[in-house]
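Please look through the two-part model shown here before reading the notes that accompany it.

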Amino acid sequence: MYFPIADVTINPILLMSVGFLVGILGGFFGVGGGFLAGPMMFWTGVPMNFVVGTDLAHMTGKSLVATRRHRALGHVDLKLGLYMVLGTVIGVEIGARIIEALQATGTIELTIGITYIVILVLISGFTAWESIRAIQMVRTDQIDVEKAVGFQGLARRIQSVKIPPMVSFPVSGIECISLWMVLGVGLFTGLLAGSLGVGGGFIRMPLLIYVLGIPTHVAVGTDLFEIVFSSAFGTITHAIKGNVDILMALVMQTGAAIGAQIGATATRFFAGPRIRLAFSALPLMGAIMVIFRLVSGGMGH
Amino acid sequence: MKRMEPGILFRNLLVEIVIYSVLIFLYYLLVLRWLDDWLLNLFQTNLVFYGIAGLGLIFIQAVLLDFVTSYLMKFIKLDQFGIRRILDVFSDR
């Protein structure tokens with residue numbers, strides 16, 4: 001199929017398959033999957049500038065589908081999501097300015113590449129360690145699998161900070177937490193997302209669970225809700241710069257719609273710690289891809 | 001819910017994929033090929049409107065596809081023997 005805007009001919013089944021795979025990841029783990037979809041699109045022959053913009057566009061639709069599905073299951077905390085969007089938008093803007101500064105010094109590829117690898121490996125290792133601990137807790141202590149989190153100390157400390165205004169999130173089971181903590185998490189994830197050029201779900205999801213103490217299923221749904229806003233913003237920005245092939249995004253999204261449905265449904269059948277253990281492999285895969293690209297000629301080439 | 005053999009479940013998943021493939025093929029023929037020229041024209045003349053229209057198309061398609069998928073799951077009873085049953089077989093609770 002010929003895509004006149006990107007001026008490339010690509011088999012639509014390949015694009016649909018990429019969408020399908022990333023759709024499952026999005027629906028199941030609550031991540032946009034940009035750190036995996038980008039290299040896959042590049043591999044199919046999409047020019048790099050269109051990879052970035054088109055990936056964001058297809059992510060918007062896919063996240064909307066997955067968010068609707070998770071909302072129907074009661075897995076989206078709208079209030080928490082809207083508060084976090086405020087912090088995320090500011091963070092994305094700061095991140096974009098950091099990128100500009102790094103671009104000016106000519107060290108962007110190495111700096112961002114190494115930051116990416118360090119963060120992804122840390123997230124992967126920590127999530128795997130925590131989820132294995134939680135699974136052991138379920139087995140030995142016979143506790144409810146929904147409440148099993150092997151690392152709760154930080155969330156308890158964060159919730160005990162009493163800097164007004166204090167807010168509650170009944171959907172997430174949080175009675176009282178400082179708004180600044182919620183905005184801070186949004187700002188931090190937005191900053192990383194803006195400077196790494198991704199949706200940021202793979203960073204936001206662990207922070208929601210371990211720092212704010214949000215149940216895994218709600219963290220997945222709420223993260224997707226945030227991705228709808230951040231990727232829609234990114235789509236418009238990149239479209240204005242001529243980096244989006246909407247037709248390509250529409251094709252990818254047909255596969256993603258089915259994948260997201262399957263992924264979201266799957267969360268009903270797997271317990272929280274097992275979702276997190278499976279999730280821990282994803283950042284590691286992303287890190288390996290970044291290492292491969294750095295070694296084979298640098299990111300963005 | 002009575003569990004089914006994994007072989008039968010995977011066969012049913014293939015049936016679902018065939019149904020989706022036919023629907024998507026029809027969608028390509030009836031909708032996407034007609035958008036080519038219009039989107040290219042917008043891209044060359046007004047990038048702001050192109051971005052907004054593109055986002056609108058993405059949202060509309062997402063909602064419609066979600067509706068179609070849900071319809072297949074609920075009303076054609078695919079949810080009783082397809083992917084959900086496969087997940088049930090491999091689930092841990």
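The report below covers the basis of the model, then each chain, and then the confidence values.

## Basis of the description

This is a predicted model, in which local features need a pLDDT of at least 70 and side-chain atom pairs count only at pLDDT 80 or more, whereas totals for chains, interfaces and linings use all residues. Residues are numbered from 1 along each chain as its sequence is written, while chains are lettered from A and ligands numbered from 1 in the order in which they are written.

## Chain A overall

Chain A has 12 helices and 4 strands, where helices (H or I, at least four residues) and strands (E, at least two) are DSSP runs numbered from the N terminus. Of its 301 residues, 54% are buried; a residue is called buried if 20 or more other C-beta atoms lie within 10 Å of its own, exposed if 12 or fewer, and partly exposed in between, with C-beta atoms placed from the backbone. Among the contacts in chain A with a separation of 6 or more, 79% join residues 24 or more positions apart, a contact being a pair of residues whose C-beta atoms, placed from the backbone, lie within 7 Å.

## Helices of chain A

Helix α9(A) runs over residues 216–240 and has 25 residues. From its first C-alpha to its last, α9(A) reaches 36 Å, close to the 36 Å expected at 1.5 Å a residue, the expected span being 1.5 Å times one less than the number of residues. The helix is mostly covered, since 21 of the 25 residues of α9(A) are buried, and just after α9(A) the residue G242(A) takes a positive phi of about 75°.

L282(A) belongs to helix α12 of chain A, which spans residues 281–295. Why does L282(A) count as buried? L282(A) counts as buried because it has 22 C-beta neighbours inside 10 Å. The C-alpha atoms of L282(A) and F202(A) are separated by 8.3 Å, although these residues are 80 apart along the chain.

## Hairpin and loops of chain A

Strands β3 (residues 166–169) and β4 (residues 174–178) of chain A pair in the antiparallel sense over 3 bridges; two strands pair if DSSP finds at least two bridges between them. Within this pairing, V167(A) stands opposite I177(A) in β4(A). The hairpin of β3(A) and β4(A) has 4 residues between the strands, and G173(A) there takes a positive phi near 75°.

In the loop between α6 (153–160) and β3 of chain A lies P165(A), which a cis peptide bond with omega of about 0° joins to P164(A). D7(A), in the loop between β1 (2–3) and β2 (8–9) of chain A, has a phi near 60°, a positive value in a residue other than glycine. D7(A) is exposed because it has 10 other C-beta atoms within 10 Å.

## Chain B and confidence

Chain B has 3 helices and 0 strands, and its pattern along the sequence is α-α-α. Of the 93 residues of chain B, 25% count as buried.

The average pLDDT of chain B is 71, and 58% of the residues score at least 70, pLDDT being the predictor's confidence in each residue, from 0 to 100. Confidence in chain B is highest in helix α2 (residues 47–75), at a mean of 83, and lowest in helix α3 (residues 83–90), at a mean of 50. Over residues 89–93 of chain B the pLDDT is below 50, and this stretch has 10 contacts in the model beyond near neighbours in sequence. For the complex, the predictor gives an ipTM of 0.74 and a pTM of 0.73.

Key
Two residues are in contact if their C-beta atoms, placed from the backbone, lie within 7 Å.
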